[in-house]
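Subject: Structure handover

Hello,

Here is the model for you to look through. Please open it alongside this message.

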Amino acid sequence: MGELQDHVALVTGASRGIGRATAIRLAEAGARVGVNYNSSPNAAAEVVETIRSRGGQAITLPGDVSSPEAVQAMVASLVESFGKIDILVNNAGIIRDTLLLRMSEADWDAVLNTNLKSAFTCTKAVVRYMMKQRWGRIVNVSSVSGILGNPGQANYSSAKAGLIAFTKTVAREFASRGITANAVAPGFIATDITSGLSRDTKDSLIKQIPLERFGKAEEVAELIAFLASDRAAYITGQVIPIDGGLAM
Ligand code: NAP
């Protein structure tokens, strides 16, 4: 029996990268998983297929997390399929990097809506199920950019900092109901988001990371799976960097 047996998880943005690794890791621990995606249906189907081929249970859940209507439909569909929801991982995220003077209002809104407002709508949609059962785990995927700020990321770092304050507020509001809320703050992780960086940029970033490498999506998934488990029952409202020592 896996430690998340009998639990149902929703992972937003689970078609690729950290979300994909998290969906697979939670399923490995026994959870039945909703694999949310927006624009990559084939990748999401592959994640579900991978989980099923290893004996787990998962379904794809299409939906743009920046749309409250899509979030409602996605949560309803998950609960219809698996009967409940115990774990929410707010992972979906995008970047629209450019210096502040060049950043458009559209760049700002897209990043804030996808990376921050989505956590508000997804959390609101699932928390009533968690309250009834007096057990829930919410893990928000923030970033070291939300702690340190980062040139070219006024929108992204604001969203990720907002996610930290949101995490602490949710932790305080729902602690008495057996629901914990924590954030992870990855540094540079090797996924599609960072794959576009030039070799020179990567090399200069690696020089700033005490552990001298980018992290792996699976390493972040491991931390998220821990926070989603009973082993983390006494941890709430925390922001845990996973960054090779970058932001210490
Ligand atoms: P990624 O490989 O680009 O994957 C992003 C995921 O988010 C994809 O599955 C994508 O799904 C989904 N997504 C994007 N917009 C969406 C929307 N509107 N609705 C639903 N899903 C949406 O990125 P990643 O590196 O795994 O990043 C995952 C999270 O970690 C993000 O929140 C990111 O900010 C954070 N993070 C990453 C790093 C890093 O270095 N990689 C560092 C710190 C924090 P579709 O392809 O189906 O649209």
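Below are my notes, starting with the ligand and moving on to single residues.

First, a caution: this is a predicted model.

**The ligand site**

The ligand takes up the space of the largest pocket. There are 32 residues around the ligand. The nearest are Ser15, Ser40, Asn91, Tyr156 and Thr191.

Which classes of residue make up the shell around the ligand? Polar residues account for 16. Another 12 are nonpolar, and 4 are charged.

H7 gives the most, with 3 residues.

- Isoleucine 18: a backbone N or O atom lies 2.8 Å from an oxygen atom of the ligand.
- Isoleucine 189: a polar backbone atom is 2.8 Å from an oxygen atom of the ligand.
- Aspartate 64: a polar side-chain atom lies 2.8 Å from a nitrogen atom of the ligand.

The ligand taken alone exposes 880 Å². The protein buries 96% of that area.

Serine 157 is in H6. Its relative accessibility is 10%, so serine 157 counts as buried. What does its side chain reach? A polar atom of the serine 157 side chain lies 2.5 Å from the backbone oxygen of glutamine 153.

Asparagine 155 is also placed in H6. Is asparagine 155 buried or exposed? Asparagine 155 is buried, because its relative accessible area is 0%. The asparagine 155 side chain reaches the backbone oxygen of arginine 96 at 3.1 Å.

Some background first. Most residues other than glycine have a negative phi. Two residues here go the other way.

Arginine 134 is not a glycine, yet its phi is positive, at about 55°. Arginine 134 lies in the loop between helix H4 (105-133) and strand S5 (136-141).

Glutamate 212 also has a positive phi, near 60°, and is a residue other than glycine. Where is glutamate 212 placed? Its place is in the loop between helix H8 (199-208) and helix H9 (217-227). Glutamate 212 has a relative accessible area of 60%, over the 50% cut-off, so it counts as exposed.

**Positions and distances**

Glutamine 57 is in the loop between helix H2 (41-53) and strand S3 (58-62). Its relative accessible area is 44%, so glutamine 57 is partly exposed. Glutamine 57 and glutamate 28 are 29 residues apart along the chain. Their C-alpha atoms are separated by 9.6 Å.

Glycine 149 lies in the loop between helix H5 (145-148) and H6. At 35% relative accessibility, glycine 149 counts as partly exposed. How many residues along the chain lie between glycine 149 and glutamine 57 as their separation? They are 92 residues apart. The C-alpha distance for this pair is 38 Å.

Methionine 130 is part of helix H4. With a relative accessible area of 0%, methionine 130 is buried. Methionine 130 and aspartate 97 are 33 residues apart along the chain. Their C-alpha atoms are separated by 35 Å.

Serine 204 lies in helix H8. Its relative accessible area is 35%, which means serine 204 is partly exposed. Serine 204 and glycine 244 are 40 residues apart in sequence. In space they are 15 Å apart, C-alpha to C-alpha.

**To check on screen**

Begin with the ligand in the largest pocket. Then display isoleucine 18, aspartate 64 and isoleucine 189. After that, look at the buried serine 157 and asparagine 155. Finish with the positive phi values at arginine 134 and glutamate 212.

Best wishes

Technical notes:
Residues are numbered from 1 along each chain as its sequence is written. This is a predicted model: local features need pLDDT of at least 70, side-chain atom pairs count only at pLDDT 80 or more; totals for chains, interfaces and linings use all residues. Side-chain values use heavy atoms; hydrogens and water are left out. A residue is near a molecule or strand if one of its heavy atoms lies within 4 Å of it. A polar contact is a pair of N or O atoms within 3.5 Å; within protein, one must be able to donate a hydrogen and the other to accept it, and residues adjacent in sequence count only if both atoms are side-chain atoms. Accessible areas come from the Shrake-Rupley method with a 1.4 Å probe; for residues, only the protein chains shown count as cover. On a 1 Å grid over the protein atoms alone, a cavity is a set of points where a 1.4 Å probe fits but cannot get out, and a pocket is an open set with protein on both sides within 12 Å along at least five of seven lines; lining residues have an atom within 4 Å of a point. A molecule sits in a cavity or pocket if more than half of its atoms lie within 2 Å of its grid points. Helices (H or I, at least four residues) and strands (E, at least two) are DSSP runs, numbered from the N terminus. Ala, Val, Leu, Ile, Met, Phe, Trp, Tyr, Cys and Pro count as nonpolar, Asp, Glu, Lys and Arg as charged, and the others, Gly among them, as polar. Buried means under 20% relative accessible area, exposed over 50%, partly exposed in between (1.4 Å probe, protein chains only).
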